[in-house]
Amino acid sequence: MTAARLVVWRHGRTSWNFEGKFQGQTDIPLDPVGVEQARAAAARLAALRPAAIVSSDLQRAAQTAAELARLTGLEVTYDLDLREIDVGSWAGMTREEFRVRFPDIQARGDAGEDYRRGGDGETVAELAERAEKGLRRAIDLVRDGETVVAACHGLAMRVGIARLVGLPAAYWEALGGLSNCSWVVCEPGRRGWRIVEWNAGTLPEPVLSDDR
């Protein structure tokens, strides 16, 4: 196994995060708070001297990655598999609207059932499989001893990392949600990848995410 370090970085805040709306793959930009979050976090991540930066192509992640690229002089590689879950027709709906309109689906989720989002969207299992592939490609961009930073999305990074470290799906809920512009650090251990930092880089902040 490579001895590279993987840092998975959630994007800064968007207006839809703040309003509690499902974003999915709707291409919402950072709001002014999100831009400042990205700049502050990038200054800290630059100290890790990353050798490569990869990002979801959705602009909220791409804008976040661009702040680190500006400080490091690195170019960003984009990977569509790092996109957030596709929530189909639920995009733009608030959580309260969802609970009122779809109480049966809310109950299924509360019971731990995976289900397809918004009619023609994705399941969490499908998201986890593709996100893990994107993270592994990110790791392949660097050599032993180097660090790669992957700018991603809350639910995509939580379940993609869970698969990367071999955590069974029944235990994915044990990993807490990720705040805007926080990051997760993964390093190789004797038996595979392991999580060494979770939700790092932030003071306690609300989790404004599709990860519900």
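Modeller: Let us begin with a strand pair: in β6, isoleucine 195 is the bridge partner of cysteine 186. Strands (E, at least two residues) and helices (H or I, at least four) are DSSP runs, numbered from the N terminus, and two strands pair if DSSP finds at least two bridges between them. This is a predicted model, in which local features need pLDDT of at least 70 and side-chain atom pairs count only at pLDDT 80 or more, while totals for chains, interfaces and linings use all residues. Residues are numbered from 1 along each chain as its sequence is written, and side-chain values use heavy atoms, with hydrogens and water left out.

Biologist: How many bridges join β5 and β6, and in which sense do they pair?

Modeller: β5 and β6 are antiparallel, with six bridges, and a hairpin of two residues connects them. Strand β5 (residues 183–189) also runs antiparallel to β1, joined by four bridges, and there valine 185 of β5 stands opposite valine 7.

Biologist: How many disulfides are there?

Modeller: A disulfide is a covalent bond between the sulfur atoms of two cysteines. With the rule that the two sulfur atoms lie within 2.5 Å, the count is zero.

Biologist: Is cysteine 186 buried or exposed?

Modeller: Cysteine 186 is buried (under 20% relative accessible area, with a 1.4 Å probe and protein chains only), at a value of 0%. Cysteine 181 is buried too, at 3%.

Terms used
Buried means under 20% relative accessible area, exposed over 50%, partly exposed in between (1.4 Å probe, protein chains only).
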